[in-house]
Amino acid sequence: MLYDHILIRYGELSLKGKNRKKFIYQLHENVRTKLNHFPAVKIHNARDRMTIMLNGQEPTPIIEACQSIFGIQSLSLAIKVENDQEKIKAAALEALKDNQASSTFKITTRRADKSFPIGSQEFNHVVGSHLLRNTDNYKVDVHHPDVELHIDIRTQATYITSKKIKGAGGLPVGSAGKTLLLLSGGIDSPVAGYLMMRRGVKLEAVHFHSPPYTSEAAKQKVLDLTKHLTYYGNQIKVHIVPFTALQQKIHREIPHGYSMTVMRRMMLKISEKIAEKENILSLTTGESLGQVASQTMQSMHTINETTAYPILRPLVSMDKEAIIRISKDIHTYDISIRPHEDCCTVFVPKAPKTKPKLDKVKYFEGLMDMGDDIEQIMRNLETITLTQASNNNDFDALF
Amino acid sequence: MIYFDNSATTKPDSTVLQSFQQISQQYYGNPSSIHRFGLEAQTLLRKAHEQAADILDIDVNEVVFTSGGTEGNNIAIKGIALAHQNKGKHIITSQIEHPSVMEACKSLENIGFEVTYLPVNDKGIVDVHHVQQALREDTILVSIMHINNELGSIQPVKEIGELVKHRTTTYFHVDHVQGFGKVPLSLKKDGVDLCTISGHKIHGLKGTGLLYIRKGINIFPLFDGGAQQSNYRSGTENVAGIVSLVKAMRLINEKQKNNRNYLYQLNQLLRDLLQEISSVQFNTAKDQAPHIFNFSVPGYKPEVIIHALGERDIFISTKSACSSKKPDESTVLRAIGLSEERTKSGLRVSFSYQNTEEEIELFCRSLRKVIQQLSLVMG
C-alpha cells in the first residue's frame with residue numbers, strides 16, 4: 001500500500017492559546033473512540049497536527065469516519081519518509097502516479113528543518129524534474145494544477161501529501177462544556193444539538209414523555225434521533241421525563257390560552273433541575289423565532305423568565321428551509337418526520353396566546369397546587385445512555 | 001447425499017430459519033399497528049430495509065419486499081407496462097428468459113402490447129447490437145436476465161444498461177435471481193432500473209424476495225390494498241420472511257466476498273472430470289457463471305439418468321425445475337442452436353458454496369457408472 005498514514009490538520013483550535021493542550025487531548029480522545037473498531041491504527045499528536053498510522057488498514061473508511069469529527073480542518077493521505085533526497089523523490093513519484101486522470105502538477109516544499117541541505121524553491125525544481133523525467137504526459141502548472149504535491153520537511157521526517165480532504169470543522173466535542181438539549185422528536189431540536197456539538201459542546205438530552213397520550217413509538221423516535229447524534233458526539237445521555245400527571249394538571253387547572261405557556265415553563269423548570277443534578281450549565285432548544293406560538297418574542301420572554309440558566313437557541317434566526325437542509329445532511333430528517341405525536345402536539349390548545357403576559361402566567365401558576373409534582377418527576381426519571389456502538393434494541397442477532 | 005440442484009432451490013441456512021422462527025413467535029405484530037408490538041415489527045422492517053439497501057448499495061426507499069422471483073418479475077414487467085403504456089407499448093426481452101418473464105410478456109401481448117423476443121448466440125448470450133436495433137421510440141421496457149438459469153450464460157447487463165440509461169421513457173429490468181451472491185452486479189452504475197432477487201435461491205426461505213425499483217419510477221401496483229411498501233405492493237409485510245431474506249443476503253454476500261474463486265474452482269474441476277467421459281457433451285460455454293453447468297448425454301433419456309443418480313442419493317436436474325413438467329425439449333438449448341438430440345438430453349448441475357470437490361469427484365464417478373449401466377439398454 002502506498003499511503004501509510006493520514007494527516008489531520010486541526011481547525012480553529014490552533015488559535016486557542018492556553019486551551020490548546022486540552023483541545024488536542026479532547027480531539028485525540030474523540031478520534032480514538034471513533035476509530036475504536038479499527039484496532040490496528042495508531043494515533044499520534046503533535047503540536048499542530050495529528051497522524052493516524054494505518055498499519056495496513058484500508059484508508060477510505062477511516063477517512064469517512066474522521067470526516068464526522070469536529071475540530072478537524074482537513075485530512076490528507078500521506079507518506080512518511082526519511083529526510084533523504086532520493087527517498088523523497090521516489091515517494092513523490094508514487095504519490096503523483098496515484099492520482100488518476102490528471103495531467104498537470106505543482107510541487108510545494110516547506111522546509112521546517114533548515115538543516116536540510118537544499119532550499120525549498122530549489123527542491124521544488126529537483127523533485128519536479130525527477131517527476132517529469134519518470135512520467136509520460138505530465139506537465140507542470142503552477143496556477144491550476146490537477147495535483148498539488150506538498151512536501152513537508154520536518155526535523156523528524158518528511159511528509160508527502162497530494163490531496164486535501166475537507167474535515168467537519170468546528171471544535172472537538174467536549175472541549176466547550178456540556179449542555180442539556182430539549183429534544184422533542186421534531187426536525188429542529190436534533191439540528192440544534194448538532195450545531196452545539198459543532199461548537200465543541202457535549203450533549204445530554206431531555207425528552208418529555210406523556211403516556212398514553214404519546215406513544216412508545218414517539219419515545220423510540222427520540223432514542224433513534226439521539227443514536228444518530230452520537231455519530232458526532234459519541235456518548236449522549238437521554239433523560240426521559242414522566243410528564244403525564246403534570247401535563248394533565250396543567251390542562252385541568254390553567255385557562256386554555258395559557259396552558260401551553262405554563263407547560264413550556266414547567267419543562268424548563270424540570271430541565272433546570274436535571275441540569276443542576278448533572279453539572280450542566282446551560283439549556284439548548286431548537287426554537288426559531290416566529291415559528292409557532294411559543295416562539296414569538298413575547299412567548300420567549302415569558303417562558304424564559306422561569307429559569308436563570310442560559311438558554312441557547314442556535315436556530316433562532318434560521319429559516320425553516322435551512323434547518324431542514326441541515327437535518328437532511330445529518331440524516332435526522334427521515335426520523336423526525338415519522339408521524340408520532342409528541343407531548344406538545346397532543347395538549348396544544350386551539351388558540352394558544354401568542355403574546356402571553358408574564359403577570360397573568362404567574363398568577364395562574366400561583367393558583368395551581370404544585371405539591372411535590374416536580375420532586376416526584378425527578379425521582380422517576382428514566383436515564384438511557386447511548387453511544388455510537390449501542391443498539392436501541394436487541395434485534396441485531398436476527399439479522 | 002449430494003445436492004447439485006441449487007438453481008432450483010437451496011437448503012435454508014439454519015440461522016436464517018432461526019430468525020424466521022423467533023420473529024414469528026416473538027415479534028408477530030403488524031408493522032402498521034401503533035402499539036408496542038407494531039412498533040417492534042416496524043423497527044425490524046426498517047432495519048431490514050436498511051440492510052438490503054446497504055448490501056445492494058441503493059436507497060432504503062428503493063427496496064420492495066416480495067414473495068419471490070416470479071412476483072418480482074411480474075410486478076416489474078406488468079407494473080411498468082401498465083403505468084407507462086401511454087408512452088409506448090413495446091417491450092424487449094430475450095428467448096431465454098425465465099417463464100415468469102416470458103409468460104408475463106405473453107399476457108401483455110394478449111392485451112395489446114408488442115414484445116420482441118431477442119435471439120441469443122451459441123453461447124446463450126444476447127447480442128447488444130440486437131438490443132440496439134430492437135429499441136424503438138415506443139419501447140418502454142427492456143427485460144433481460146443476468147444469469148440464465150439453465151446454461152449459466154452471463155448477459156451483457158452493463159452494456160444494455162448503457163444503451164437504455166440515456167432514454168427517458170425506456171426502463172431496464174434485470175432478473176437477477178440466479179446471479180445474486182454469485183456473479184456481482186452493480187445496480188446503480190450499470191444503469192439498472194428494476195431488479196428481481198429471490199430468497200430461496202440463496203439459502204433463504206421460499207416465499208421471500210426483493211424487487212429494486214429505482215427512485216421516482218412509477219409502477220402500476222398489481223396488489224391494491226393498505227398501501228404498504230410505498231404502495232408498490234399492498235399486503236401486511238411478512239416481517240419474519242423479510243428479515244430472514246436480508247440475513248440470507250448478508251450471509252451469501254460475505255461468502256462471495258471471502259471465497260471469490262471457490263465456485264470457479266468447483267466449476268473447473270467438474271469440467272475437467274466430465275471431459276473424460278466420452279459420451280458427455282458440454283452445453284455451457286467457457287467463462288460463464290461458475291455455479292451452473294449444462295451438458296448433454298445424447299441418446300440417453302435425461303429423466304432416466306436423474307432417477308439412476310437419485311438412487312445413489314445424487315440430485316441434479318433436467319432443464320429448469322420451473323419448466324421440467326413440460327415434456328418437450330429445452331427452449332433454452334434450442335435457442336442456442338443445438339440439435340434436437342441434445343436439446344432433449346440436457347442435464348444441469350448447479351452449485352452452492354456448501355458443495356465440495358469431493359462431491360464433484362463422487363458425482364462424476366457415479367455418472368460414468370450410470371451411463372455404463374444404461375448403455376446396455378439405451379445408448
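Residues are numbered from 1 along each chain as its sequence is written, while chains are lettered from A and ligands numbered from 1 in the order in which they are written. Since the model is predicted, local features need pLDDT of at least 70 and side-chain atom pairs count only at pLDDT 80 or more, whereas totals for chains, interfaces and linings use all residues.

For chain A the assignment gives domain 1 (1-82), domain 2 (84-156) and domain 3 (178-398). The C-alpha centres of domain 1 and domain 3 of chain A lie 35 Å apart. Their contact takes four residues from domain 1 of chain A and six residues from domain 3 of chain A; two residues are in contact if their C-beta atoms, placed from the backbone, lie within 7 Å.

Chain B is assigned domain 1 (2-8 + 260-375) and domain 2 (14-255), with C-alpha centres 28 Å apart. Here 23 residues of domain 1 of chain B are in contact with 23 residues of domain 2 of chain B. On the domain 1 side, strand 10 (292-296) and helix 10 (331-335) of chain B are the elements that give two or more residues, and strand 10 of chain B gives the most, with three residues. Helices (H or I, at least four residues) and strands (E, at least two) are DSSP runs, numbered from the N terminus. The residues of this side divide into eleven nonpolar, ten polar and two charged. In this grouping, Ala, Val, Leu, Ile, Met, Phe, Trp, Tyr, Cys and Pro count as nonpolar, Asp, Glu, Lys and Arg as charged, and the others, Gly among them, as polar.

Back in chain A, a pair of helices comes next. Helix 5 (residues 188-198) and helix 10 (residues 320-329) of chain A pack at an angle of about 75°, with their axes 9 Å apart. Axes are lines fitted to C-alpha atoms, for helices over the stretch in contact, and angles run from 0 to 180 degrees between N-to-C directions. This makes helix 5 of chain A roughly perpendicular to helix 10 of chain A, as angles under 35 degrees count as roughly parallel, over 145 as roughly antiparallel, 65 to 115 as roughly perpendicular and the rest as oblique. Helix 5 of chain A contributes A:Asp188, A:Pro190, A:Val191 and A:Tyr194 to the contact, and helix 10 of chain A contributes A:Ile323, A:Ile326 and A:Ser327.

Chain A also holds an open sheet of six strands, in the order 14-13-10-11-12-15, with mixed pairing. Two strands pair if DSSP finds at least two bridges between them. Strand 14 (311-312) and strand 15 (382-386) of chain A each have a single partner strand, so one side of each is left without a neighbour in the sheet. Strand 12 (residues 236-242) and strand 15 of chain A run antiparallel and are joined by five bridges, with A:His239 standing opposite A:Thr383.

Finally, the two chains meet: 14 residues of chain B are in contact with eight residues of chain A. Helix 1 (14-26), helix 2 (36-56) and helix 7 (239-258) of chain B are the elements that give two or more residues to the chain B side, and helix 2 of chain B gives the most, with six residues.

Definitions and conventions:
Domains from an automatic or database assignment.
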